[in-house]
Amino acid sequence: MSTLEIKDLHVSIETEQGNKEILKGVSLVIKTGETHAIMGPNGSGKSTLASTIAGHPRYTVTSGSITLDGADVLEMSVDERARAGMFLAMQYPVEVPGVSMTNFLRTAKTAIDGVAPKLRTWTKDVKTAMEALKIDAEFASRNVNEGFSGGEKKRVEILQLELFKPKFAILDETDSGLDVDALKVVSEGVNRAQEQNEMGTLLITHYTRILRYIKPDFVHVFVDGKIAEQGGAELADRLEEEGYDRFLNVPA
Amino acid sequence: MTDTATHLTGEKARIGAPSISGFTEEGENLSPLNAAEVSSPIGGDAVKAHSHGGGAGIPDSSRAGRKTSYNVEDFPVLTGREEDFRFTPLKRMGGLHKNELTGVAPALTVEGANVSTLETVAMTDARVGSAGIPEDRISANAWKHAAEAKIVTIPANSTGEQVTLTYTGTSLEAAASHMVVIAEANSESVVVIDHVGSAVLAQNIEFDIRQGAKLTVISLQAWAEEAIHASSHLAKVGKDAHLKHIAVTYGGNLVRMTPSAHFDGEGGEVELFGLYFADAGQHLEHRLFVDHATENCKSNVLYKGALQGKDAHTVWVGDVLIRKEAKGTNSYEANRNLVLTEGARADSVPNLEIETGLIDGAGHASTTGRFDDEHLFYLMSRGIDEKTARRLVVRGFLNEIVQQIRVPEIEERLAETIERELAATDS
């Protein structure tokens, strides 16, 4: 079993108006096999947390720590974090010109595992995973995310999740922009990965509808860069009914 | 109120009579030479002996109106403001456009000639000029100063010939050279033209591709870093003939290539591919022209370029002209650039002129993208280290052209070159 531990994390970004603190002391412990949902209104810092864990250069950690089984994640480069077993399914996956999906998937898998996957089983694995996610076989020969629709990009993120088998997956608003059918397909992919790899999942979402398909063990409500409330799956149901107003209307 | 009304009247009066200097109804007139004198030699109505202007009534903005002539004097002295020289830094041309080109031309060696022949002849030989007429001043200047011409002949009906012609430059004195490649009827061959060493060279290469012949040309501009090269490739594509032309440019300080293809009979096909990789300070320019003047011909153009380093500059201009008589034409051209670092500049101008509606298809595309931090972050977030990520992108991008070459030694050499160029980015 592995543990991802975030302790009193403070993160800021540089804006034209100077430094702006986005995360104001976040603490969270996720173990493999657990699913944590992070919910909250827009601008509360949910995506900042996701990007910071992955190591996006735009975000500066001013204090606090992130450790993976005791190892200092903040000391690791972006690629080292991925190789250590972390995966970020991005909210807006970028298009990478000139690199075919096939080539990209194989190169990434080789980097993560340290050895090239056996060609025959790998080709089969990719094909099976694509079929399960209802991704057209033709996508394999296209460039990474190039010309994919929003929904297709999200499926391809989950395809990678299934193939790379990380210890911890951070899903940054994977549900946004998906219709009901796509949401179901994507959720099934996440559940499969969790069952097969005993993965820990940090599910970041604005809406509760994805939680009908992916059952969280814990729900954390993010407000203004901090966790305002924590609970079990029942907290999500309450948010469904009440919205975030009760957190936002609390006088400062 | 009165004021406004007066103003409006003024606007109306100006319709159809643009008053902004340098602008015409067609848009910006980039060469003041064109604007100043209608009777300028590059004007459409100037037709002299040995010259083939577009004739009266064809605007200078059309490629059809571009002057062609064997005589350098027919082209006005270049100012750099001409449409076809507006991107070229003339100061760095080593005098190729204005000086006497009396330096020693790079030595030519030939390898792999089994059935083809190489002759050295005088510029007065009847075969010289059989496939093309210079389309700019540098090309005409090279024609004037070439001391001799090399003629490569691939015999009729022969197949499998693969000949490598290597130009090795040893001098930086401005020089001129001329070559004619004749692919006789129904022959099938690959001609590799390699440029290495140092030179300041203005060059014309004619390709006479006769009926039913299939010719693949791979021209490598692999010069040492101080070289200056203006290269005009003039191809005449016969009935049912096929030209596949691949330009690969990565060496030299300044390279300006102008591949130009003219169809000489029905059923011809032209594929023009290009790959260029510009480093800091390099100017690599490719201006191509496909002239559809006969029925039922096909052309396909794809050039891809990578740029890195301060003041790396690439220029790609693709002129495709489908004339009135070129019914049944099918044509496509595209240019794709990948800018790897800050400080590099890629200019890309596809020009498609269509004078008949009775065509099968015509299209063009141009993209210039940056390999930026977000691409890098995405690939690295999947465990791929920075160096590998960069290589992955550049190799993948250029591979589309590399795989067109189908000569293993050259593909290998290019792969190594790309590796070396990328290693320079890393450091």
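The model is predicted.

In chain A, strand E9 covers residues 218-223 and strand E10 covers residues 226-231. These two strands pair in the antiparallel sense, and 5 bridges join them. One residue to look for is A:Phe222, whose bridge partner in E10(A) is A:Ile227. Between E9(A) and E10(A) lie 2 residues, and the two strands form a hairpin. In the turn, A:Asp224 has a positive phi of about 50°.

Next is the place where the chains touch. Chain A contributes 21 residues to the contact, and chain B contributes 19 residues. On the chain B side, helix H4 (373-380) and helix H5 (386-405) each supply at least two residues. H4(B) gives the most to this side, with 7 residues. By kind, the residues on the side of chain B that touches chain A are 9 nonpolar, 6 polar and 4 charged.

The helices H4(B) and H5(B) also pack against each other. Two packed helices are described by the angle between their axes and the distance between the axes. For H4(B) and H5(B), the angle is about 115° and the axes are 9 Å apart. H4(B) is therefore roughly perpendicular to H5(B). The crossing of H4(B) past H5(B) is right-handed. H4(B) makes this contact through B:His375, B:Leu376, B:Leu379 and B:Met380, while H5(B) uses B:Glu386, B:Ala389, B:Leu392 and B:Val393. The residues of this helix contact comprise 6 nonpolar, 1 polar and 1 charged.

Technical notes. Residues are numbered from 1 along each chain as its sequence is written. Chains are lettered from A and ligands numbered from 1 in the order in which they are written. This is a predicted model: local features need pLDDT of at least 70, side-chain atom pairs count only at pLDDT 80 or more; totals for chains, interfaces and linings use all residues. Two strands pair if DSSP finds at least two bridges between them. Helices (H or I, at least four residues) and strands (E, at least two) are DSSP runs, numbered from the N terminus. Two residues are in contact if their C-beta atoms, placed from the backbone, lie within 7 Å. Ala, Val, Leu, Ile, Met, Phe, Trp, Tyr, Cys and Pro count as nonpolar, Asp, Glu, Lys and Arg as charged, and the others, Gly among them, as polar. Axes are lines fitted to C-alpha atoms, for helices over the stretch in contact, and angles run from 0 to 180 degrees between N-to-C directions. Angles under 35 degrees count as roughly parallel, over 145 as roughly antiparallel, 65 to 115 as roughly perpendicular and the rest as oblique. A crossing is left-handed if the near helix is turned anticlockwise from the far one by less than a right angle, and right-handed if clockwise.
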